Each structure stands twice: as structure tokens, then as C-alpha cells.
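I hope they are handy while you look through the structure.

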Amino acid sequence: MNLRVKQWLDKYPGGMLVILHVWLVRMAGVLLKRNHALQREPETILVIKILGLGSVLMAADALNSLKKRYPGAKLILLTSVKVAPGIAPLKLFDDIWQIDDRSMIRMMYTGFSNLLRCWKMRRMWIVDLEVYSALTTLFSAWTLAINRFGFELSKVQFRHYINTHHVYFNQFIPVSYNYAELVKAAGAENIFPFIPPYIHMSSTRDVVVINNTCSELGGHLRKLTDAQLSSLCMQLMQSGYRVVLTGAPSDAGALELFIQTHFT
């Protein structure tokens, strides 16, 4: 499925389900009177980020801090099959569960399969890194996790009635700061930088990797212009660095055209 279909599913069917679930979750809260305090530490923390490999990278420090705060908990990422291969080499997560969103049937099947896995977990917490998604909020509720952390802002006020812990998503600060605030709400007060195990800091490194692509997610809204990227690459190369441009397979044509236009 392409991004527009996914957004339509999230907005319309997801929005209709939200109306029902707000009442269901509120009623369950009144009847069950579950204790959502943080004193009882989790055995499993499921992080939800379906789309956006770059977002997971920007959340790495925050998630590393969460892992250090609860060293006895298993940290699991729930993400798209397209994102998982890029995240696995980081070795940040103990396990990665995948949603196959290449078709409606596959998405429903893998979604329900992962939900069944959640029901088998004891003392699970959910950390939902998606900002606008209705469907991930509903999935989070259906896990029956004792604590469910997520963002809220005016466009997704319904989350206040479905999640158990809420952090305001500030659109005017770096997104990594928002991720830090979310894990602080989950008890990780100190933020520790994450360094992948295979990276060794050295003054002799001479390669700079730049990803100036957003694939389906951001179009040209989040990218440097060609002129800005060209200037940046030129400055780096004149300083003795080699530059590598990366992106998804769908970005290959645009990157090749950029290189041919500006550097050949």
C-alpha cells in the first residue's frame, strides 16, 4: 500500500474506531481501577514507530536511556517491514516485531499476530512514538498494557482518553527533545547518548554520510534544497571528506540526477 492509502485508513476507519474506543477505554478504567503508577517496573517495553527510520534514529538517545533505566525489561520495536532492516544493525532493541504494510491483508494479519504476542507478555508498557496515528493508539489500547505513553496535541486530543500517560508534542523544538520528554514521563530522567557498538570514534574518519530524503513521508518539506545540499557537499569535499548520499530504493533516481547535475 502507498502512503496515501495508509493515511486514509488511519484518518477515516481509524477515526471512527476512536469514537467507540474512547468510551470503551474510559468505562474499563472506571470498572477495573488499574494502578498506572510507575513504581512496579516493566518486564517488556514495546516501542511503536511504524514509519520513519530517521525518527527511530533521532529517538535512539531517549530509548537508550529508557533501556538503562529499566535494564531488566526487554525493549522491543514494532515497525514496518520496510524500516526494520535499517534499524536491526543498531542493536538498540532486544527484538524487532514487524508489520507488513505492503497490502491490507498482510497488515491486518501481522497486526493481529503481534497483538497476540503482546497478550502473552507480563507487565508490558507501550511507548508510542507516532504523533498523529489513530491506529497505533488503538493498537496500544488493545495490548491491554498497564501503562501506555504517547504524545498529544490539539489534532489528536482523543489520545488523552485512551493512553494512560501523555506528553505534549512541541512542534517548535527538535523532535529528539520530544522523545526525551516522553521517556522522562516513563521514569527515565537522565538522557544517555546512544553509540552503536560498531562505531569507534576516530579523528581519521574521512567519510560523511548524508541522507537528505524523506521517501513518502515528507516530500520536499523536510529536505535541504538542491542548492543547499550541493553547497554542503562541496564544502565537505574541499575539506578533504568523501561524501556518501543515502536513501531508500525509491530515492535512487533523484539522487543519481542530483549527482550528475551538480558534480559531473
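**Notes on the predicted model**

1. Let me begin with a lysine: Lys67 is partly exposed, with a relative accessible area of 25%. Here buried means under 20% relative accessible area, exposed over 50%, and partly exposed in between (1.4 Å probe, protein chains only). Lys67 forms a salt bridge with Asp94, and the closest N and O atoms are 3.9 Å apart. A salt bridge is taken as a side-chain nitrogen of Lys or Arg within 4 Å of a carboxyl oxygen of Asp or Glu. The pair links distant parts of the chain, 27 residues apart: Lys67 is in helix α4, and Asp94 is in the loop between α5 (84-87) and β3. Asp94 also counts as partly exposed, at 41% relative accessibility.

2. A word on the basis of these notes. This is a predicted model, in which local features need pLDDT of at least 70 and side-chain atom pairs count only at pLDDT 80 or more, while totals for chains, interfaces and linings use all residues. Residues are numbered from 1 along each chain as its sequence is written, and side-chain values use heavy atoms, with hydrogens and water left out. Helices (H or I, at least four residues) and strands (E, at least two) are DSSP runs, numbered from the N terminus.

3. Next, the sheet. Six strands form an open sheet with parallel pairing, in the order β3-β2-β1-β4-β5-β6. Its edge strands, β3 (95-99) and β6, each pair on one side only. From one strand to the next the twist averages 20 degrees. Two strands count as paired if DSSP finds at least two bridges between them; β2 and β3 have five bridges, in the parallel sense. Leu77 stands opposite Ile96 in β3.

4. What does α8 touch on the sheet? Helix α8 packs on β4, β5 and β6, and its direction makes about 150 degrees with that of β5. Axes here are lines fitted to C-alpha atoms, for helices over the stretch in contact, and angles run from 0 to 180 degrees between N-to-C directions. The buried residues of α8 are Asn178, Tyr179, Ala180, Leu182 and Val183. These residues pack against α3, α4, β4, β5 (147-152) and β6 (165-168), where contact means heavy atoms within 4.5 Å. Just after α8, Gly187 takes a positive phi of about 105 degrees.

5. Ser55 counts as buried, at 15% relative accessibility. Leaving aside neighbours within four places in sequence, Ser55 is in contact with Lys49 and Tyr179.

6. Back to charged pairs: a search of the whole structure finds twelve salt bridges. One of them joins the side chains of Asp101 and Lys6, at 3.2 Å from N to O. This pair, 95 residues apart, links Asp101 in the loop between β3 and α6 (104-119) with Lys6 in helix α1 (residues 3-11). Asp101 is buried at 2% relative accessible area, and Lys6 counts as buried at 11%.

7. Arg102 and Asp100 also meet through their side chains in a salt bridge (2.8 Å, N to O). Arg102 is partly exposed, with a relative accessible area of 47%, whereas Asp100 is buried at 10%. Elsewhere, Glu43, Arg122 and Arg123 are linked in a network of salt bridges.

8. Trp142 is found in helix α7 (residues 134-142) and counts as partly exposed, at 42% relative accessibility. Trp23 lies in helix α2 (residues 13-32) and counts as exposed, at 61% relative accessibility. The C-alpha atoms of Trp23 and Tyr161 are separated by 8.4 Å, although these residues are 138 residues apart along the chain.
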